[in-house]
Amino acid sequence: MQIYIEFYASLMKYLPPGKSRFRREIRVDEGLVLNQLIEQFHISHAEAHIVLVNGHYVDGESREAQELVEDDVVSIWPPVAGG
Amino acid sequence: MSWTRKILRVDLSKGTCTPEPLNMEWANHYLGSRGLAAKYLTEEVDPKCDALGPDNNMIMATGPLTGTMASTSGRYTVSCKGPLTGAIACSNSGGFFGAELKFAGWDMIIFVGKSEKPVYLLIENDKVALRSAEHMWGKTAWETDDILHQTHQDPQMRIACIGRAAENGCLYAGVINDKHRAAGRSGVGTVMASKNLKAVAIRGTQGIGNIEDVGAFVSSTNDGKAVLAENAVTGQGLPAYGTQVLMNVINGVGALPAHNMRDVGFEGAENISAEAMAEPRKSDGKPNLTTNAACFGCTIACGRISTVDPTHFSVKDKPQYQGASGGLEYEAAWSLGADTGVDDLDALTYVNFLCNEDGFDPISYGSTVAAAMELFESGVITTQETGGIDLKFGSAEAFVAVTEQFVAGEGFGKDLGLGSKRLCEKYERPELSMTVKGQEFPAYDPRGIQGIGLNYATSNRGACHLRGYTVASEILGIPVKTEQTDSDGKAELVKAFQDATALVDSAGLCIFTTFAWGMDNIAPQIDAACEGDWSVENCLETGERIWNMERLFNEAAGFTADDDTLPKRLLEEAIKSGPTEGQVSKLGEMLPQYYEARGWTADGKIPDATRQRLSL
């Protein structure tokens, strides 16, 4: 199935080659769990601090179980802050 | 020194400068900087006074840790009754000026009265004098800084001054120090201008002494620095990306306001983000971000130094703006960018340079322009009012043109100096002003992040993220993640953030340390530096005392629970799309819980029992 990944800040280095600044369209197996996706890109759990699926925050525990579905947008940030 | 125990009283009406001992009883109750200045202000100023009249005082204050070896110890504050809000105002700045004030041997300077003619205050340790500033009136903050450095031939001299915005009566003018740092919010620079005080120039060579327990201080400040260095946010994220890294985060979670908060979510956000600032541009292969920068004693170094593309329309004929200067921080990039719909990074950087050069608050300015753009697109104002400028959302050319009009104090620029509230009232559309107590919002939508909305509504200086940054918890998961659209538990969360922030501001430290430090890191540093008991419990109670005292000032100025509110748009118009679609602010649920958590009455008054508990 097709999903979209968005990696920001220091995680941009994990993005596969592509034209968009942050977003890539990728194909993954049905039933892929969020943490499996994160590991697939060699992003450590400590680096994947803010993880959103379609703009909604997914906490560390839920990342173990949440299955991705067609057209999901997964956005990931390392620990960041500002203000 | 921690406290130098000495303050300087400058009577501008009489032209006198008089040293006084610091009131140590007050210092032990209000610590320093924001808290202690609020105490002096409350004791000496009638809260009902005209903020721009001679009866208002302006206080520049350091905290006991300012200038010490503690990390981020470069902070000082400027306090007064604010002209934008009529409430107590306290603006915090970094750079090097605050530490220099301490090195000269002063905890604070209290300015009273009004000078007949423009003056500046010169401080060289104990030697202080008022001098004529008539030759600098009408000059920008940058020109003033250069003139004073040339006059005194001392490159180590540190200068805080006002630019033309304050002189022109802009109600949200700030005090600029070290050219690129600002006590920016609430119009403290406008008050400085009202006193005919152009600048304060300081050279201090006395260093730091009087630390209560030197061994414990060295140990606790070193421990604190290790925590900052090892923390991913303060050790890596902030120095590399600065505060601007939030642009995509806040847009991603459905809480980035746009177009005068008419919309939530901005398509151009990524073009004005930290990541975009780091990209090489086509014209010269250089990125917008030139380098990061640190204030005095800071081991985080979140500051941005930027250059505008020299071929960009805003600067191509202006070589004076083609060099590196203070770059975009997140709040400024939001208000100048997303709120106006402008996603031209170079245009925003140029306008930000002008904010520093002429001393005005980019948050209030961008938000006021956004309100003007909505008035323009609604047909309430036309090119007749704007002097021919087609002031539409998203137009970088219009934004740059109206800003150049503004800094010159000409035409429609004068209207923009009123701030959003008065501008919208003037054109009979008050509901279009996105303000609390007359001050414009920062970069987080209260519908998409519930706790920050409660903080805005109850902030003692009007809408402000820096009075209780619950975004840390609600979005960034610091110290623990709370659900952004839930209202449950937010009353207690807001109170905790507000009280802790009041304490950190009063110590002379930067609030950004709290992304890594808890009060158990901060209290030992204060306790080692200062006499008395500065346990975690006492620090938290001091923060709460300061918050309540500021509230008492506002109560005496005429503010009531009716002022603890948000614009109707945020309470009634739901977010139209995105992950927070359908949300409005649940302020009505949270506010009574907040009053209860604070020990206040149902109508937001501070009862005797709470006053006694806090020794107020």
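Reader: To start, what is the order of the strands in the open sheet of six strands in chain B?

Author: Please keep in mind that this is a predicted model. The order in that sheet of chain B is S2-S1-S6-S3-S4-S5, and the pairing is mixed.

Reader: Which strands are the edge strands there?

Author: They are strand S2 (16-21) and strand S5 (88-93) of chain B, each of which pairs on one side only. From one strand to the next, the twist averages 20°.

Reader: And how do S3 and S4 of chain B run?

Author: Strand S3 (residues 58-62) and strand S4 (residues 76-81) of chain B run antiparallel, joined by four bridges. Within this part of the sheet, Met60(B) stands opposite Val78(B) in S4(B).

Reader: Let me step back. How many helices and strands are in chain B?

Author: Chain B holds 25 helices and 19 strands. Of its 616 residues, 63% count as buried.

Reader: What does the radius of gyration of chain B agree with?

Author: It agrees with a compact globule, because one of 616 residues would have a radius of gyration near 25 Å, and chain B has 22 Å. The C-alpha atoms of chain B fill a box of roughly 60 × 55 × 45 Å along the principal axes.

Reader: Now the other chain: how many residues of chain A are in contact with chain B?

Author: There are 22 residues of chain A in contact with 31 residues of chain B. Strands S3 (50-53), S4 (56-57) and S5 (73-77) of chain A each supply at least two residues of the touching side of chain A. The residues on that side divide into 12 nonpolar, eight polar and two charged.

Notes: Residues numbered from 1 in each chain as written. Chains lettered and ligands numbered in written order. Predicted model: local features only at pLDDT ≥ 70, side-chain atom pairs only at ≥ 80, totals over all residues. Rg over C-alpha atoms; globule rule 2.2 N^0.38 Å. Buried ≥ 20, exposed ≤ 12 C-beta atoms within 10 Å, placed from the backbone. Contact = placed C-beta atoms within 7 Å. Nonpolar A, V, L, I, M, F, W, Y, C, P; charged D, E, K, R; others polar. Pairing = 2+ DSSP bridges. Axes fitted to C-alpha atoms, helices over the stretch in contact; angles between N-to-C directions.
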